[in-house]
Amino acid sequence: MYFDLHYYFKVIAFVYAEKGFKGRSRILFRLLVLVPLNYLFNAVFFLLDYVFFPKLWSQKVEKPVFIVGHARSGTTLMHRLMAADGDRFSFFLYWEMFFPSLLQKKILKGLGWIDQHWFGSWINGKLKVWDEKTFAPWRHIHEQGLWIPEEDQFVMRGAFVTQQWSLDLPLIHKVDIFHVDQLSEKRKRRWMRHYKECVKRQLLLHGGHKTHLSKNPVMSGWVNALLETFPDAGIVVMMRDPLQCIPSTLKLMELTWQGNGWSKSQYQPSLDALANISFDTFRLPKIALQENGCERSAIVDYRLLTSAPRAEVKAIYTALNLEMSETFEAHLEAIESKEKKHSSHFEYNFDDYNISREKLELELAEFYQEYQWPRQSDQQEQTQ
């Protein structure tokens, strides 16, 4: 099982240098003790997977589908809609990403069966209470929970290749897991090989015949690497007015770092780095699709998805060469009125960040023109 020592030592160095941070000792304990133990635990089970599940040797990942786009651009909504086609797709639930090994998942599912039949689901009830207490206060911002599909790049946390540490620590300006193409070829291949191994295990958990469905904003910078690793992949790119998603994402990260005890002066460099990455989140998927000549791809306007979700999902299926079952189409029809009401209630002030609206419109001018998003100049003309 892979482990990114380069990333690991950079994170340790960052935390060690923050001598005034109150949580420094606790995080160093996690890094120096818990992370290695967790890696050894997962590595042993990763090896045992090939012993207990020989089908893993021949398991293929065929025509996976990756949903990318800026955070808060509708990736979660799109993933939830497509994940409802359960007969076709396999995907990671949040709890499953803490246990990347197939054997681990099988053992836990077995314990769940015992809990259900012998203990009246007592443990499951306790977990549901914890889940509600932990995640419910944040679900108006991001729908999250142990049994909810989540960004599957988190499954690589055991290999220390995950955005999780960027949530805990303001080190985006120090450690970049977005621009995968800037890695050495060897390191990039090892990242993608490990990710593929995790996906193979998840597919086999569901019988081995389904199609992997992924959504992750971070993977907007991975599209080239994804197409190199999975040449028959389908790519779905979400597009939304940057004014509606970039400030919202910056605010969410700021609140997360503040909640972890970091001061503004400590997290400001990472906030600035994240703002710059936001521009590439729009640019890089488009460039990658053009360079690779990806035949199975769709670019989705968030406004169309929320105004006519059934028609838009059908169009995506057509673009990906997928047949839509009557059952799934009936499901989309039944929930269409609900999904049309989908909206973000997350409030933010654009003036809070070191990025002007003028710069945003300039950096992403081609997208403003293509999607006719409202510009500040347009609003000024209307008021004159």
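Asp280 forms a salt bridge with Arg283, the closest N and O atoms being 3.4 Å apart; a salt bridge is a side-chain nitrogen of Lys or Arg within 4 Å of a carboxyl oxygen of Asp or Glu. Both residues lie in helix H10 (residues 264-292), 3 residues apart, about one turn of the helix. Helices (H or I, at least four residues) and strands (E, at least two) are DSSP runs, numbered from the N terminus. Arg283 is partly exposed, because its relative accessible area is 22%.

## Basis of the model

This is a predicted model, in which local features need pLDDT of at least 70 and side-chain atom pairs count only at pLDDT 80 or more, while totals for chains, interfaces and linings use all residues. Residues are numbered from 1 along each chain as its sequence is written, and side-chain values use heavy atoms, with hydrogens and water left out.

The structure holds 20 salt bridges. Asp49, Glu197, Lys200 and Arg201 are linked in a network of them. Within this group, Lys200 and Glu197 are paired, with the closest N and O atoms 3.5 Å apart. Both are buried, and both lie in helix H7, 3 residues apart.

## A buried arginine

Arg240 is located in the loop between strand E4 (234-239) and helix H9 (242-259). Arg240 is buried yet has no salt bridge, and the nearest side chain of opposite charge, Asp241, is 7.7 Å away; here Lys and Arg count as positive and Asp and Glu as negative, while His and the chain ends are not counted. The backbone oxygen of Arg72 lies 2.7 Å from a polar atom of the Arg240 side chain.

## A nonpolar surface patch

Trp113, Trp118, Phe119, Trp122, Ile123, Leu127 and Trp147 form a nonpolar patch on the surface, with about 860 Å² of accessible area together. Such a patch is made of residues with over 30% relative accessible area and no salt bridge, with nonpolar side chains (Val, Leu, Ile, Met, Phe, Trp, Tyr) joined within 5 Å and like charges within 9 Å. Accessible areas come from the Shrake-Rupley method with a 1.4 Å probe; for residues, only the protein chains shown count as cover. Phe119 is found in the loop between H4 and H5.

Methods
Buried < 20%, exposed > 50% of the residue type's maximum accessible area, 1.4 Å probe, protein only. Polar contact = N/O pair within 3.5 Å; in protein donor to acceptor, adjacent residues only side chain to side chain.
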